[in-house]
Amino acid sequence: LGLGMPLYFVQGVDRGVLQGQTRFGPLALSYQAEMWARLLGAVVLVALGFAVNGAVAGVTLSLLATWLVGVWFLRPRQASERHTQPLPQADRRAILSFAGPVVAALIGQVMINNSDILIVKHFFPAEEAGHYAALALIGRIVFFATLSVVAAMFPLVAQKQQRGEPHRHL
C-alpha cells in the first residue's frame with residue numbers, strides 16, 4: 001500500500017485537473033479503471049492464495065490503473081502546453097504551501113479507506129482476513145458511485161454560483 005502512495009498523489013492531481021476542466025468522460029474512466037482494477041485484482045490475488053496481502057496489492061494495482069488513465073488523457077496535452085512561460089516564484093511558493101495539507105489529507109484518506117483491512121489482517125487468520133478484504137473492496141463500489149456524482153457536479157455548481165446563475169436544478 002505504501003508503494004502506491006506516490007501514485008495516489010498523482011491520481012488526486014489528475015482527477016482535480018480533469019474535474020476542473022469538466023472533462024467528465026476521462027474522469028469517469030479514471031474511477032472505473034480504479035474500481036475494476038481494485039475489484040478484479042483483489043479477488044484474483046485472494047483466490048490465488050495471497051489472502052489479505054492480495055487484497056492490498058489489488059488496491060495498489062488500482063492506483064496504477066488510474067495513473068495510466070491520467071497519463072493517457074493529460075500528459076500529452078500538458079506536454080504541448082509546457083514551457084510556454086516559467087512559473088513565477090510567488091506561484092511556486094503558493095503551490096508548495098498548499099501541497100503540505102493536501103498530502104496530509106490524502107494520507108489520511110488512504111488510512112481511513114484501508115484501515116479496516118489492516119486491522120482485520122492483524123486480528124484474523126490470513127484466509128478469513130483475505131475474504132473480508134475482498135468483500136470490503138466490493139462494498140466500496142457505493143463509495144465510487146456517489147463520489148463520481150459529486151466530482152461531476154461540484155465544478156458545474158461552483159461555476160454557476162460564481163457567475164450568480166441558478167444551480168439548484170443541477
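Me: Which helices each supply at least two residues of the lining of the largest pocket?

Reply: Helix 1 (5–20), helix 2 (24–73), helix 4 (89–123) and helix 6 (141–163) each do so; helices here are DSSP runs of H or I with at least four residues, numbered from the N terminus. This is a predicted model, in which local features need pLDDT of at least 70 and side-chain atom pairs count only at pLDDT 80 or more, while totals for chains, interfaces and linings use all residues. Residues are numbered from 1 along each chain as its sequence is written, and side-chain values use heavy atoms, with hydrogens and water left out.

Me: How should I read the lining, and how many residues line the largest pocket?

Reply: A pocket is an open set of points on a 1 Å grid where a 1.4 Å probe fits, with protein on both sides within 12 Å along at least five of seven lines, and lining residues have an atom within 4 Å of a point. In this model 34 residues line the largest pocket, and Q11, G12, V13, L106 and Q109 are the ones that lie nearest its centre.

Me: Which helix gives the largest share of that lining?

Reply: Helix 4 does, with 11 residues in the lining of the largest pocket.

Me: Turning to charged pairs, how many salt bridges does a search of the whole structure find?

Reply: The search finds four, a salt bridge being a side-chain nitrogen of Lys or Arg within 4 Å of a carboxyl oxygen of Asp or Glu. One of them joins E34 to R15, whose closest N and O atoms are 2.5 Å apart. This pair links distant parts of the chain, with E34 in helix 2 and R15 in helix 1, 19 residues apart. E34 also meets R38 in a salt bridge, at 2.9 Å from N to O, and here both partners lie in helix 2, four residues apart, or about one turn of the helix.

Me: Are E34 and R15 buried or exposed?

Reply: Buried means under 20% relative accessible area, exposed over 50%, and partly exposed in between, with a 1.4 Å probe and protein chains only. E34 and R15 are both buried, and R38 is buried as well.

Me: What is the setting of the salt bridge between R163 and E165?

Reply: The closest N and O atoms of R163 and E165 are 3.6 Å apart. R163 counts as exposed because its relative accessible area is 53%, whereas E165, at 31%, is partly exposed. Elsewhere, salt bridges with shared partners join R15, E34 and R38 into one network.
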